[in-house]
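Welcome! Let's walk through a structure together, one feature at a time.

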Amino acid sequence: MPELPEVEVVRSGLAPAVTGAVVAAVEVLDRRSLRRHDAASGDFETLLTGARVEAAVRRGKFLWLPLSGDERRGGRAVVGHLGMSGQMLLRTPDHPGDDRHARVRLHLEHPEHGELRVDFVDQRIFGSLAVDRLVPTTDGETGGFSDGVTGEWARQLPSQVAHIARDPLDPAFSERAFVAALAKRDTGVKRVLLDQGVVSGIGNIYADESLWAVRLHGEHPASSLSPRRVRELLAAVRDVLGKALAEGGTSFDAQYVNVNGASGYFEHSLNAYGRAGKPCPRCGTPMVREAFMNRGSHFCPRCQRRR
Ligand SMILES: [Zn+2]
């Protein structure tokens, strides 16, 4: 399942290819991938065709392309969520259309790169594409992470993403608000890390890695952590995400491939996730896996004692 580093790899790969391109045509091969598109706002294909892509922006695991054009297209964006298995593949126009999991194809014309195609490929159809309205950010800061391109859309974000908190790599992420949010939660700290309304972009893998780094058990009540401990945890989250990003994401899902369709995630050494039964890299105690929200939590029973 793609997490923030994997989605950022996709965003940064798409950005130079799609920024400034005009959508020449749209092919919807499977309308189930449009279930988050609000048809009342207009037809997906009609809204998109003829629009110009202004940038590629990301918040957490959401990715969007702000659009310009006439009145109907301006103030909107194509917003994508990769779900469990979604991919955005950059193709040349003559690439054979043989991918049976291709759901939507955007045919683009770029002033420098010529004709391009972006294929939204999604085997399990938990991901989606939609054309959505842009709304202003509540804190007046930029909507998400991009390459610093500015425009009237820069301090906006798709309405579907408005309830998603900023991710810890976002320059406008508020550390103070994060500390305050944890102080109010009596639930286990891991659950709070996975709550996209508190902080976005942290999935199961990077939550386990961050908790291991600061020797914290995931069931430890968030509200009992001191502000200093919360800041240590946040620093660990940023470190773990930053390292994964530098290595281009983490490989756990054979379905994931990067923007050019090359072979996927990049191997990355992990300390906790997926290491049940193996020695803790810090103390040598065999690591443990426990069931957690239909998934698993991986931790060291010695370094990360449940209190
Ligand atoms: Zn240990």
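**Reading the zinc site**

Q: What spacing do the donors of the zinc ion follow along the chain?

A: The spacing of the zinc donors is C-x2-C-x16-C-x2-C. Donors here are N, O and S atoms within 2.8 Å of the metal (3.2 Å for Na, K and Ca), and water is not among the atoms, so sites may look incomplete. Before we go on, note that this is a predicted model, where local features need pLDDT of at least 70, side-chain atom pairs count only at pLDDT 80 or more, and totals for chains, interfaces and linings use all residues. Residues are numbered from 1 along each chain as its sequence is written, and side-chain values use heavy atoms, with hydrogens and water left out.

Q: Which atoms coordinate the zinc ion?

A: The SG atoms of C280, C283, C300 and C303 do, at 2.2 to 2.4 Å. C280 sits in the loop between α6 (227–246) and β11 (288–292), while C300 is in the segment after β12 (295–299), 20 residues apart, and the pair links distant parts of the chain. Helices (H or I, at least four residues) and strands (E, at least two) are DSSP runs, numbered from the N terminus.

Q: Why is the arrangement around the zinc ion called tetrahedral?

A: Ideal angles for four tetrahedral donors are 109.5 degrees. Here the four donor atoms subtend angles of 100 to 116 degrees, so the arrangement is tetrahedral (all angles between 85 and 135 degrees).

Q: Are C280 and C300 buried or exposed?

A: Both C280 and C300 are buried (under 20% relative accessible area; exposed is over 50% and partly exposed in between, with a 1.4 Å probe and protein chains only).

Q: How do I read a pair of packed helices, such as α1 and α6?

A: Two packed helices are described by the angle between their axes and the distance between the axes. For α1 (4–18) and α6, the angle is about 40 degrees and the axes are 9 Å apart.

Q: Where does N294 lie, and what is its phi?

A: N294 is in the loop between β11 and β12. Although N294 is not a glycine, its phi is positive, about 65 degrees. N294 counts as exposed because its relative accessibility is 84%.

Q: How does R215 compare in accessibility?

A: R215 counts as partly exposed because its relative accessibility is 43%. R215 lies in the loop between α5 (204–213) and α6, with a positive phi of about 55 degrees.

How values were computed:
Tetrahedral: all angles 85-135°; square planar, octahedral: opposite > 155°, others 65-115°. Axes fitted to C-alpha atoms, helices over the stretch in contact; angles between N-to-C directions.
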